[in-house]
Amino acid sequence: MASRSLVWFRLDLRLADQPALMAAATKGNVIPVFIWSPEEEGPAAPGAASRWWLHESLNALDQSLRKKGSRLILRRGPALSSLQALLEETGAKSVYWNRRYEPSLIARDTKVKDALQSRGIYVESFNSALLFEPWQIKTKAGTPFQVFTPFWNACMGGPEPSAPLVTPTQWASPSVWPKSEPLESFGLLPKPDWAGGLRSSWDPGEAGGRERLKVFSSGPVGQYHEARDVMSEDGVSRLSPHLHFGEISPRQIWSSMQRDSAVSFGNGPATYLKELGWREFSHHLLYHFPQTVSEPLRPEFAQFPWRRDHAAFEAWSGGHTGFPVVDAGMRELWRTGWMHNRARMICASFLVKDLLVDWRQGAAWFWDTLVDADLANNTLGWQWTAGCGADAAPFFRIFNPVLQGQKFDSKGEYVRRWVPELATFPVKNLHDPWLAKDVQTKVAYPPPLVDHGFARDRALAALATVSKKGKFDA
Ligand code: FAD
């Protein structure tokens with residue numbers, strides 16, 4: 001009998017640059033499997049919007065596999081017992097997978113590997129999600145980096161990331177397939193169906209990710225360094241959910257930037273690769289400081305006097321704060337499962353600094369509503385905004401939501417798109433509509449939830465209570 005291997009798909013839902021699949025394909029019959037076990041994933045278990053994406057992506061992967069004469073076997077339950085059952089049913093003697101870096105999954109995967117190896121099963125894992133492994137990049141003292149620029153310089157100073165692997169053209173499949181559970185039984189799709197906005201905004205799956213990269217790298221990337229902060233423009237790649245689910249790999253993006261960019265390797269592609277560098281940095285931090293999923297990296301922030309304010313949180317999450325740019329961001333998120341990075345920074349800053357609500361509450365809301373919810377990036381984004389993480393914006397630097405709107409949405413196109421109440425509002429006071437006394441009464445839009453000047457003073461006073469010197473260093 002030809003040797004058989006399981007390829008355990010996780011956040012690597014693609015066929016190209018797929019080291020686990022490639023390794024198994026060279027050994028004999030390949031049995032691709034996905035195991036739905038959210039209970040084991042802890043804080044990395046997908047939220048509601050991500051579950052919708054996962055359903056679509058698993059469907060797309062199964063279709064791609066079927067075109068190769070293969071298929072995706074679906075199982076539910078603890079990973080170890082599910083794999084053991086499949087090994088027994090199929091007679092497979094090896095399991096290949098690509099690594100994940102969330103603390104709960106490192107612990108789970110280590111247990112699975114040890115248990116399988118102790119039963120004589122060959123197990124091998126690979127890097128498919130990052131340009132550089134978190135343990136490869138170290139300071140001169142051998143410690144993990146906590147500041148982005150030296151981290152990225154160290155990455156750039158070493159060997160180039162390896163080239164992406166091609167899609168195996170053909171591989172052997174077993175003549176009899178093991179039983180697969182129906183995808184619908186995972187219950188990933190929302191009931192009632194609220195996913196219309198997600199469906200019309202995205203094309204989950206490897207082909208969708210590849211197409212988006214093709215479009216982005218053949219034009220917009222040339223202006224990325226200038227356009228990436230303008231919320232109304234198509235200046236960013238929107239590859240984040242494809243990257244999170246592993247439908248495209250950072251190595252593929254890296255090589256496409258070097259090879260296909262319409263513009264020679266200039267400021268746009270270089271700035272873009274640096275943003276991928278932030279993704280690398282967030283995984284580096286999550287790996288070395290796993291407690292940061294729920295605890296601030298800077299310990300003094302453990303005592304920060306966050307406010308419990310249910311009504312304010314509801315107004316923020318529903319996009320009814322009375323600050324147009326904040327409301328536009330939160331409504332874009334609710335409708336499409338994604339928010340522009342500049343809007344993420346503004347909305348997150350408003351929650352933690354103007355409303356003084358704990359960053360963990362905001363992170364949980366993002367986790368449930370983002371299609372790109374990613375434990376490493378979300379944790380870094382929120383700790384950065386709250387000023388309590390590595391290389392974070394200092395807490396005392398407080399975004400003014402009106403000025404942010406005027407600067408990064410100067411024509412008001414972003415606000416008009418997502419806050420239809422203000423669609424015909426004059427641009428002059430679009431970002432501070434409460435000042436336009438003559439037209440304000442005709443618009444059904446809430447007054448500002450808080451006075452920004454008051455909120456700023458309150459935030460600085462709160463900061464002083466946890467700062468030893470009454471003032472934080474930048
Ligand atoms: P591009 O601008 O096209 O960037 C390309 C890729 O680089 C992104 O897809 C992403 O993988 C990576 N990247 C870009 N900016 C960052 C960054 N600041 N940190 C880490 N990686 C980055 N990103 C997520 O993928 N998942 C999250 O859950 C997430 N939560 C966030 C929460 C907050 C409060 C903030 C401020 C940022 C968060 N980000 C998160 C980072 C960033 O906003 C998104 O990655 C980006 O907006 C995705 O859009 P894009 O693919 O068009 O990005």
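Student: How many bridges join strand E2 to E3, and which way do the two run?
Tutor: Strand E2 (residues 29-36) and E3 run parallel and are joined by 4 bridges. Strands here are DSSP runs of at least two residues, helices (H or I) of at least four, numbered from the N terminus. This is a predicted model, where local features need pLDDT of at least 70 and side-chain atom pairs pLDDT 80 or more, while totals for chains, interfaces and linings use all residues. Residues are numbered from 1 along each chain as its sequence is written, and side-chain values use heavy atoms, without hydrogens or water.

Student: Which residue of E3 is the bridge partner of Phe34?
Tutor: That's Leu74.

Student: What's the strand order in the sheet?
Tutor: E3-E2-E1-E4-E5, an open sheet of 5 strands with parallel pairing (a pair needs at least two DSSP bridges). E3 (73-76) and E5 (122-126) are the edge strands; each has a single partner, so one side of each lacks a neighbour in the sheet.

Student: Switching topic: is His283 buried or exposed?
Tutor: Buried, because its relative accessibility is 7% (buried is under 20%, exposed over 50%, partly exposed in between, with a 1.4 Å probe and protein chains only). His283 sits in helix H12 (residues 267-288).

Student: What is His283 in contact with, beyond four places in sequence?
Tutor: Tyr101, Leu130, Pro134, Asp374, Ala376 and Asn377, with heavy atoms within 4.5 Å counting as contact.
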